[in-house]
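This briefing is meant to be read with the sequence and the 3D structure side by side. Please keep both in view while you work through the points below, which are grouped by topic.

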Amino acid sequence: MKRIAIIGGGISGLAAAFTIEEQRRAGAPIEYVLFESSPHFGGVIVSERVENCLVEAGPDSFLTEKPWAADLCRKLGLADQLIGSNDAQRKTYILFNGKLVALPDGLMFMVPTKVMPTLMSPLFSFRTKLQMVREWFHTSKQANADETVAAFVERHYGAEMVARLADPLLSGIYGGEASQLSMRAVLPRFLEMEAMHGSLGRAMMAARTQTVPNSARPLFTSLKDGMQHMVDALVDRLSPSALHLSRPVQSMRPQERGWLVSAGDESYAFDAVIVATPSHLAATLLQDASHDLASELRAIPYSSSVTVTLAYDQNVRAMLPPGFGFLVPHSEGKRLLAATFVHNKFSDRAPADRALIRCFLGGSRDQHILHSSDEEIVRIVREELQQIISLVAEPLFTRVYKWNAAMAQYIVGHLERVERIRHLSQDLPALALAGNGYRGIGVPDCVRSGVDAATALSANYSRNPG
């Protein structure tokens with residue numbers, strides 16, 4: 001019988017455990033133990049019911065086009081719980097000179113695919129609009145080295161597009177800065193477009209002509225009872241004796257055949273280990289096993305974030321602009337990065353007479369917000385909502401969630417570092433790494449990461465039970 005330790009009970013670790021559990025039930029001679037340092041599984045995935053409203057502390061959904069999370073939900077018997085975003089109401093605003101300006105129709109990330117709406121938009125200057133026209137005549141270019149998202153976007157559309165659109169979009173998704181994030185790691189599809197077509201606009205148009213329309217496919221997917229439903233369903237499918245909550249692992253040392261994992265006052269022998277923690281925590285655990293590997297893991301930076309949810313009555317709901325919410329460029333001088341009108345984005349997240357606004361703060365530019373009290377954070381949010389959307393009403397309730405060093409930052413050279421990490425890992429006994437620090441930060445990416453880690457280790461044992 002082969003034993004696998006899984007360190008970290010977030011969605012990556014749970015997906016890894018579920019994969020091994022399925023193989024164990026199918027007769028594979030393997031067993032596992034899942035160690036989680038906190039009192040609950042799921043990591044940043046936490047859902048809470050408050051006064052008939054569904055409040056998400058962490059991610060509220062995942063991209064539909066990435067299939068791994070939805071596929072996992074179907075395996076768990078949650079197919080009927082999957083819901084799509086209300087894309088008929090999808091409209092996003094950018095705060096520009098203190099006022100909300102709607103993104104022009106046909107703008108896909110930062111690529112204009114409809115001429116007139118973009119040319120008529122007050123969001124961009126005449127100079128930027130002229131550069132958008134010139135971009136259609138760019139010739140194909142093969143990237144020789146990694147570059148920042150800011151450099152790439154500026155080359156195509158100018159610095160104004162970086163400041164007003166690319167940077168706030170990436171702040172909302174990654175909690176990072178366009179001037180730091182890697183094109184190869186964050187937006188590889190756009191590099192492929194540039195290599196093939198030169199112009200991103202022409203590439204998008206070519207892709208649209210080749211795509212079969214599917215208006216029923218929503219941009220985002222979630223679960224009726226919240227994202228935590230997926231976590232709870234995973235835990236229910238795992239062996240209770242394999243689950244160890246509030247059990248931080250202090251060290252792991254390679255042995256002649258496997259690993260010795262120390263947690264609390266006990267040490268356990270395992271044939272293989274999956275480390276599904278943030279990479280800086282993985283670095284601490286692997287410091288004694290490989291100084292070089294630990295150094296590479298520690299070099300992956302992380303940013304912190306704060307989410308604040310505020311509930312209001314039907315009067316506020318009636319006065320809010322339509323759409324999913326707004327983004328705030330750094331140049332506007334606010335601490336808010338973005339806000340989502342949750343009641344518009346997904347049905348049944350709030351009663352018909354309630355408005356639910358979810359605000360985001362922190363990121364790589366404002367790590368200190370984590371040290372503020374909940375009361376101070378709510379005060380900042382309410383003050384800035386008043387400035388942006390003239391919202392002065394007292395919220396019916398508020399919830400503040402702080403996530404310290406939770407978002408990996410894929411800076412320039414990230415994929416090269418991940419490749420070095422992979423090679424260094426191979427020098428140790430059976431070891432796999434999983435989580436949002438490597439090849440994707442979203443829930444589907446983390447699920448895939450955990451499944452791949454478990455599959456890579458357990459496949460050998462299924463074939464070689466000795």
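Is the crossing of α12 and α16 left-handed or right-handed? In this predicted model, the crossing of these two helices, α12 and α16, is left-handed.

**Helices α12 and α16**

- Helix α12, which covers residues 291-298, packs against helix α16, which covers residues 414-425, at an angle of about 155°, and their axes are 9 Å apart.
- Angles over 145 degrees count as roughly antiparallel, and α12 and α16 are therefore roughly antiparallel to each other.
- On the α12 side the contact involves Asp-292, Leu-293, Glu-296 and Leu-297, and these meet Arg-417, Arg-420, Ile-421, Leu-424 and Ser-425 on the α16 side.
- Sorted by class, the residues in this contact between α12 and α16 are four nonpolar, one polar and four charged.

**Helices α1 and α10**

- The axes of helix α1 (residues 11-25) and helix α10 (residues 228-237) come within 9 Å, and they cross at roughly 35°.
- The crossing of α1 and α10 is left-handed.
- From α1, the residues Ile-11, Leu-14, Phe-18, Glu-21 and Arg-25 meet Met-230, Val-231, Leu-234, Val-235 and Arg-237 from α10.
- By class, the contact of α1 with α10 contains seven nonpolar and three charged residues, but no polar ones.

**The sheet of three strands**

- Three strands make up an open sheet in the order β5-β11-β6, and their pairing is antiparallel.
- The strands β5 (62-63) and β6 (82-84) stand at the edges with a single partner strand each, so one side of each is left without a neighbour in the sheet.
- Strand β5 is joined by two bridges to β11, which covers residues 220-223, and the two strands run antiparallel.
- Within this pairing, Phe-62 has Thr-221 in β11 as its bridge partner.
- Helix α2, made of residues 68-75, packs on the sheet and touches β5, β6 and β11, while its direction makes about 145° with that of β6.

**The sheet of seven strands**

- A further open sheet is formed by seven strands in the order β8-β7-β18-β19-β20-β17-β21, and its pairing is mixed.
- Its edge strands are β8 (99-102) and β21 (397-408), each of which pairs on one side only.
- From one strand to the next, the twist averages 25°.
- Strand β7 (residues 92-96) is joined to β8 by four bridges, and these strands run antiparallel, with Phe-96 standing opposite Lys-99 in β8.

- Leaving aside neighbours within four places in sequence, Gln-81 is in contact with Ser-222, Leu-223, Lys-224, Asp-225 and His-229.
- Leu-285 and Leu-191 are 94 residues apart along the chain, and their C-alpha atoms are separated by 36 Å.

Technical notes
Residues are numbered from 1 along each chain as its sequence is written. This is a predicted model: local features need pLDDT of at least 70, side-chain atom pairs count only at pLDDT 80 or more; totals for chains, interfaces and linings use all residues. Side-chain values use heavy atoms; hydrogens and water are left out. Two strands pair if DSSP finds at least two bridges between them. Contact means heavy atoms within 4.5 Å. Axes are lines fitted to C-alpha atoms, for helices over the stretch in contact, and angles run from 0 to 180 degrees between N-to-C directions. Angles under 35 degrees count as roughly parallel, over 145 as roughly antiparallel, 65 to 115 as roughly perpendicular and the rest as oblique. A crossing is left-handed if the near helix is turned anticlockwise from the far one by less than a right angle, and right-handed if clockwise. Ala, Val, Leu, Ile, Met, Phe, Trp, Tyr, Cys and Pro count as nonpolar, Asp, Glu, Lys and Arg as charged, and the others, Gly among them, as polar.
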